[in-house]
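Please open the structure in your viewer and keep the selection panel at hand, as this tour moves from one selection to the next.

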Amino acid sequence: MKEHYCLQAALVCLGVLCHSQAFTTERRSHLRPSFHGHHEKGKEGQVLQRSKRGWVWNQFFVIEEYTGPDPVLVGRLHSDIDSGDGNIKYILSGEGAGTIFVIDDKSGNIHATKTLDREERAQYTLMAQAVDRDTNRPLEPPSEFIVKVQDINDNPPEFLHETYHANVPERSNVGTSVIQVTASDADDPTYGNSAKLVYSILEGQPYFSVEAQTGIIRTALPNMDREAKEEYHVVIQAKDMGGHMGGLSGTTKVTITLTDVNDNPPKFPQSVYQMSVSEAAVPGEEVGRVKAKDPDIGENGLVTYNIVDGDGMELFEITTDYETQEGVVKLKKPVDFETKRAYSLKVEAANVHIDPKFISNGPFKDTVTVKIAVEDADEPPMFLAPSYIHEVQENAAAGTVVGRVHAKDPDAANSPIRYSIDRHTDLDRFFTINPEDGFIKTTKPLDREETAWLNISVFAAEIRKACIYCLNSLLSDNRHQEAKVPVAIRVLDVNDNAPKFAAPYEGFICESDQTKPLSNQPIVTISADDKDDTANGPRFIFSLPPEIIHNPNFTVRDNRDNTAGVYARRGGFSRQKQDLYLLPIVISDGGVPPMSSTNTLTIKVCGCDVHGVLLSCNAEAYILNAGLSTGALIAILACIVILLVIVVLFVTLRRQKKEPLIVFEEEDVRENIITYDDEGGGEEDTEAFDIATLQNPDGINGFIPRKDIKPEYQYMPRPGLRPAPNSVDVDDFINTRIQEADNDPTAPPYDSIQIYGYEGRGSVAGSLSSLESATTDSDLDYDYLQNWGPRFKKLADLYGSKDTFDDDS
């Protein structure tokens, strides 16, 4: 710092000395007497006159950053009219006059009162004038001059940015331009070397260099590899004074990044990849992944994968996952463990974008071997055909074989197969299947006319050998190991349907005289219909039965087009003789063997006009002359119908009437349950209930039979105790019944429990009561018990010893 101030002071003194000498010399050389003139002769003899001025100068100089104790003398103004008596006064005006620059009005000396900075302001423009001190009258015209601030090296170089960022491709040649850094110096570039800058590199060798005059940074080493080092930090210095000693300097940091180029081919980290896939895998399922490493980044590191060779090219494929840069091996077609258990693929990885500059580095691709092992899976059975079509004749007996389905286990274990019919497709259970061999049979005769095709589905399930008899449980537990196949069964036609009239035909013929000629037009044209297939249907043959082949009234002509016409053989039909004819017609089909049916055609004799137009076919038209009109006949018929309806209703009501369960005349009806809706008026109401329903019909006659005992004599009740049959006095009726029961010596009380009281009317077996059977001797012979062996000996002794006891007695 001390050396700096000494140098600065020396420069200030040198500047003052130089400026003073220059000012004196300049002033002397330009000084002219004021207020005097002279004549000069021109080129053409013209005389020119000019005024004289007292002083003329261009500019003053002052050193910046002067820090001395006294004000700096900038310069001195002096006019040649100044005689030194003090009558002239010097005046200074303009930029900085009175503040920065002051003038001695007597001597004309100009001083700088403040330290000046050229970087703030390089020059000042001032105006000087000499006036009379007493009158302030201008003695000289005002003159303008400039004070320049003389530069010193007081500003170091500064870069435009504190830090710079630049990129350069890796593997660039030596001298490749990276970036240009620029520094500026606030000092005066036109004076000295204060603003003359020189650039140098402080950090970043030996990778980069910088041009001293321009600041351009260039690469200094060849083949810089981004994969080895991607980022570099470089420090650049700018120094003024042309880089000489004592100059000021500034620095900046430059971060240089090597950008990637495709200079590295992809490489697999291993030579063989091992993978496996289940034979149960479906196409599109991922098998495994491979990855080739490429240290490049971006599009230079993009890798695509392809299968170039191998025995599994048709079964496998590979795609590229661009997010992970992996090759994804996928199943293209199903594999079979039993057919082939291992495959080998040759996979190639190659760069997508190749830089021609580095093609000499070798092929930008690599290959690897992928070995894929097929794993065995428990596969469901496989049918030998995707679908089956079988045929069976209709009306075939139950148990007829329709056909067979066949499936096999594709696994190496070759487990047995069991078959079953999906009952959702055979709701009527027309078929059954042998679970072991797959033969399908009918369970009932089939009718083609009802259903010509039957579609069922058959399951084939794999059964483990350890549980070959657990069919039901395994079929339910191993549904995922079963296969399903559609089976279409065609029912073949058999000629089992005879042809019939296609419609309910009815013919009409006009009554006529014997003399009228017969018409060649058919009475009616008939056709037939057959439910059988066309092979067992047409052609139809129409004819009359053999017994009436020579029918005198009508004949049938076959048109040989599955139709026939019915013609009249004679004329003279009359409704009075016969108004209706029933003509049997035989129709035969063309099946093998043929079938035929006899159909009856109704032919009515009708009245027609002279033109043969049908008028009426009713027979009553011939009895209208008997005196009854049509309305009367209708009324008679209506009455007959009403009478018939009444008779039918009467018979129906008689049949619906319920008979009593016990109606034997000799039996005593003791109890009745009467259901009625009228609640009556209580005990005093004797009108609402018919007491006759409680009377015993046999008791009215004075005879009350008992069915639970055998009475020795008939009890005759006393006449005075029997109430009238139609009595409505309940008390008298009940008291009478009680007295009859109390006075009957042969019967227990009426409220006793009766067992097997009634056997029903007309029973041949008689009473089943054990009480009655106990009083009789049994006629059964139990001697056969002795022939049954020792186990029945005790029973034979109990029931077969009667004769023995009699013999002993």
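Select R557 together with Y567: the arginine lies over the face of the Y567 ring, at 4.1 Å from the ring centre. A charge counts as sitting over a ring if NZ of Lys or CZ of Arg is within 6 Å of the ring centre and within 35 degrees of the ring normal. Then select R570 and F573, where the charged end of R570 sits over the ring of F573, 4.0 Å from its centre.

A word on what is on the screen: this is a predicted model, in which local features need pLDDT of at least 70 and side-chain atom pairs count only at pLDDT 80 or more, while totals for chains, interfaces and linings use all residues. Residues are numbered from 1 along each chain as its sequence is written, and side-chain values use heavy atoms, with hydrogens and water left out.

Select F268 and Y305, whose ring centres are 6.3 Å apart with the planes at 55°, so the pair is tilted. This pair links distant parts of the chain, 37 residues apart, with F268 in the loop between β18 (249-259) and β19 (272-278) and Y305 in strand β21 (residues 303-310); strands (E, at least two residues) and helices (H or I, at least four) are DSSP runs, numbered from the N terminus. F268 has a relative accessibility of 10% and counts as buried, and Y305 is buried as well, at 2%; buried means under 20% relative accessible area, exposed over 50%, and partly exposed in between (1.4 Å probe, protein chains only).

Move on to F501 and Y505, whose ring centres lie 5.3 Å apart with planes at 90°, so this pair is edge-to-face; both residues are buried.

Finish with the two disulfides, a disulfide being a pair of cysteine sulfur atoms within 2.5 Å. Select C510 and C608, whose sulfur atoms are 1.8 Å apart, and look along the S-S bond, where an angle of -80° makes the link left-handed. C510 lies in strand β36 (residues 506-510) and C608 in strand β42 (residues 596-608), so the pair ties together parts that are 98 residues apart in sequence. Lastly, select C606 and C617, joined with an S to S distance of 1.6 Å; this link is right-handed, with 100° about the S-S bond. C606 is buried, at 0% relative accessible area, whereas C617 is partly exposed, at 22%.

Conventions. Phe/Tyr/Trp six-rings, centres within 6.5 Å; stacked < 30°, edge-to-face > 60°.
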